[in-house]
Amino acid sequence: MTRNSISRRGFLATGAGGVLAASFGASPARAATDVAFQLSWLPSVQFAGSYIAKSRGYWNDLGLSVSLNPGGPNAPVEPPVVAGNALLGISAADYTAAAVAQGAPFRIIAVAMQKNPFVIASLPDKPVNVPKDLEGRKLGMALANTPVLKALCSLNDVDFDAIEIVPTQYDAAPLLAGQVDCLLCWETDLPVAMMMRGIKPVTMLMADYGYALHSQTYIATQDSIANRRADLIALLRGEIHGWNDFHADPDAAAALTVDMFPDVGLNLDAQKLQAALQVPLMFTDVTQAHGFGWFTDDSIAANIKTLALLGQDVSADLWDRSLLEEIHAS
Amino acid sequence: MQANAPPPIQCRDLSRSFGHAGARVDALEPVELHFAAGETTAIVGPSGCGKSTLLRLIAGLDTPSTGSVRIGGETPLQMRQRAALSVAFQDAALLPWRTVRGNIALARKLARLPPDPASVDRLIALVGLAGFEDRRPADLSGGMRQRAAIARCLISDPRVLLLDEPFGAVDELTRARLNHELPALWQGRGVTTLLVTHSVSEAVMLSDRVIVLSPRPARVVADIAIDLARPRATGAEADALIANVTEALAQSAPPRPQPA
Amino acid sequence: MTIALHQLRRRGADRFYPVLSALVALLMWELLARVFAQTYLIAGPVEISRYLWDHAGLVARAAGITTFAAAIGFVLGNAVAIALAVAAVLLPSLARLISALALVVFCLPLVATGPILRVIWGPGLGPQITLAALAVYYTTFLPLMVGLRAAPPSWFDLVRSYGRGRFSALVEVRAMASLPYLFAGLQIAAPAAFLGAMFGEFTGAERGMGVLTIRAMRSLDVAGTWALASTAAAISMLAYAGLGRLSRALNNGPPPLILAPVLEGERRARWRALLHPILVTLILLAIWWLSMEAANLSPFFAKRPADVWAFLITAPEAAAHRATLGAALLETLVLALPGYLLGLALGLGLAIVLVLAPKLARGVMPVAIALRAIPIVITAPLIVVALGRGPAGTITIVALMIFFPSLVACYQGLARTPRQVLDLFDSYAASPLRRMASAQFPAMLPAFFAAARMAVPAAILAATTAEWLATGRGIGGLMALTASTSGYKMLWSAVVVLAAVAVAGYVVVAQIERAVLRIYGAEQLTR
């Protein structure tokens, strides 16, 4: 199955209900509360919902003045949230689980990427269409992701030892230079880079083969959830509002992102492509039914299973849906 | 003690040794020395005999192992702190980034005296460096550097002048000329002067008294008065005194030949 | 370095060689780029120019912000270096302690300090400036320590003969005498500051050269990556050349021997020699613990000495932790050590060749200086892409980081052979090789060892950076992994072990230096 999913750009179900819901409870007269939101990577359309919420004043309307702290290759994401410098952070279920194991009092309170964005990207002349195809291939990946590959192998009965792992940095060049047959990467970045160069890679979404792991998760400390609940709820409301706008018009979101960050060197076409690719990962039947950011008990169970394969024992306590329930109930 | 009069210098039981118990080197055996106020005394001796050590002890730049130095009743440190003492060093010790003028003016600054550009320029002319005021040491010959160093010594108008082989690095001809020209600058100013040198003729030509030291550890082996009229010129009388000093120097040395 | 430029300038008539060699280099570069166009590895000068033309505003803004942070860090870091060196000179009893503390702080790996600084500073330029300052202060401190003492005793006697003390000696003698050394240090510091600022951007920033570089590398923008690398190198070289010009304008002579060994403390009693490292360690631990308590840093990520002790020594799984850490460290050292030796040997070898073939030197030295100015952040991934991710890539990066400073130091050292000694060899019609072996080589040793000492932290920085950005292996990979998976106990343990290894390596080189210089008679060589 190939997922060169430009075809999915037509997928435009709007969560209009969510938009309306998010607008309630706003009291613009209140003095704005300063809060920081720690993102996990450099500015890009990956966080377009937040940029929309900020630039269209959704948070202001809810009484928040939000600073969006950028991430980067050596940026701390969990520590500012633990230290209280940021009220909310973007993490992923596996990173969150690891931080909790190290004593961080985190809860996942919403999930942006319903489907994990990890793919195996390959070239059409030697495609990896199903996990079994990995056997005998040279796979370029960061060594840090070895547990991820092992999990995929055990989920799909693939012989891990038959895959030749080539440690690469996060870069598509080795694939194009023929140094490897395929790459372990996010669907929304290296494949986009290749498509922008006119190369159409074959991508196999690991989420379609049992790798269930919430990505781009919203994390907050238990203390904040208890004591700064109103701020967190307002923050999530604005965020949901922004992402619903994104869903309605990803191209506009891409244009807004490029405009907001003129110094990051973003390419509008690449951002549009990335936005289109991330729509099906973020907006599914679940969000259709419950609203952006929602997660079901089933998906929690699936995540716990995947995390166990990654060597992390967690319970359902890692997730806390109460804030979303409050938001979507009103 | 009157501030402007040249002081006598008294060394009591003065000695200096280096190193620890096992590898102890005596640079100077205990000596008793007295230098009269306003006199110029030359200290001669073989290379490495401790002449410079003696001078440094008198200047207070080195600490004696035993004994003491009194300059007109004061310690060397007190003398230095009121800028009543100047030292001319073997290598001239001009700071390479300062001009001739700047180097000489520095002495007044270090001596905490008010700037006196007129005196600086007068002294520069006096030592024959007029026209070189704004040159840096690297642009000067060895002899010119020593002239600048002498001018620097004099700019603070010291009562005690300690000259540590000031012309040691200068060729023989220049040296003779400097010996002829420069002493007039401080003689008659009321300065007690000590001159360390390994040149016997220089010692005789410049000083009122010559002290001959033995090889290390240094002892005083001869103390010769030089009663020559000034300005001095070479001649039979001077040659006789030079022979005297040379003789004393030769006897001080052990019988085996000294390496150069 | 400057001495080489100086000599080039003196022989102003044949500026022809640098121009020619630059043209040849550009041409070869363009050819290589065209040959490997399909591999997404190299962009040539033509493509780079086109990119810069199309994105002039973007690159200018990024260069502006990164240069701004680098400049502030440069000023602050060098101010700290000057303050430390002055303190060490005014308070000689503290000199060794200050030197040791300065070395250890310099050996802290950027991979680990970056995120901590980001948490402390929050958003903004804080980490960029701090990392730039951290990257420069030691390369200024070390030559300055030498320069502040690099004056003949009679100059100090002169000051003392007027009853003035240490302070006057500092102002009137040491300050000016140290200027050439200071500027030699500042020149090395300029590219380092830029590197530090780029590393700082990796901890989370919205603009700057580091941000653009990451973006370009991830989006297969080869022209962009190389254009950014070229811009960074050009800025570093401009700063380098500007400081050289300023130094000459201040009428400094050519920089004297950089980093002559500080052979002091020989008379120290044995028990003090033993006590000293213990004292330094205790003070470091105290600073570590106190600064974290004072800044009230969360124990989740800001681990204290006791946490590391427990993690490595007393915890039930301590043995497993040590095994993981040890294996990663070994993996790094196995590559860092050959890279270190190779870099030193190449630097030394090329310096000798250049002295024997002076015409070649006029072409090669400017190119070497130019290449040296390119930040490792950019060179590391490029080299790994070009040479593959096996040992060869990492070894090459380490060797390259060390090669240029070693080449420059050795070349300067060789050039400092006293004229009279060379005349003596000439008078016997000794062959150039004989002259090299008997006169120039020994005269160069202090400079070589100074470079070898400085190269120890540089080698570890290069190896861990290559592992972090490119291969994901070794202790650099371990630190990157543990930083992202909240394994802060392991991260801090790795920092401690790495700093200890760097200091130990430095001490070992210093011991070898002492032994060798004793044989060759340092006293006649270092002046």
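Modeller: Start with contact: heavy atoms within 4.5 Å. This is a predicted model, in which local features need pLDDT of at least 70, side-chain atom pairs count only at pLDDT 80 or more, and totals for chains, interfaces and linings use all residues. Residues are numbered from 1 along each chain as its sequence is written, chains are lettered from A and ligands numbered from 1 in the order in which they are written, and side-chain values use heavy atoms, with hydrogens and water left out.

Colleague: How many residues of chain A are in contact with chain C?

Modeller: 51 residues of chain A, which touch 45 residues of chain C.

Colleague: What area is buried between chain A and chain C?

Modeller: Interface size is often given as the accessible area lost when the parts come together. Buried area is that loss (1.4 Å probe), summed over both parts. Here it is about 4200 Å² between chain A and chain C, with 58% from carbon and sulfur atoms. On the chain A side, A:Asn74, A:Gln169 and A:Asp263 lose the most area to chain C, together 18% of what that side buries.

Colleague: Which side chain meets A:Asp263 in a salt bridge?

Modeller: A salt bridge puts a side-chain nitrogen of Lys or Arg within 4 Å of a carboxyl oxygen of Asp or Glu. C:Arg61 is the partner, at 2.4 Å, N to O. The count between chain A and chain C is 3 salt bridges.

Colleague: Which helix gives the largest share of the side of chain A that touches chain C?

Modeller: Helices are DSSP runs (H or I, at least four residues), numbered from the N terminus. Helix 4 of chain A gives the largest share, 5 residues.

How values were computed. Buried area = accessible area lost by both parts, 1.4 Å probe. Helix = DSSP H or I, 4+ residues; strand = E, 2+ residues; numbered from the N terminus.
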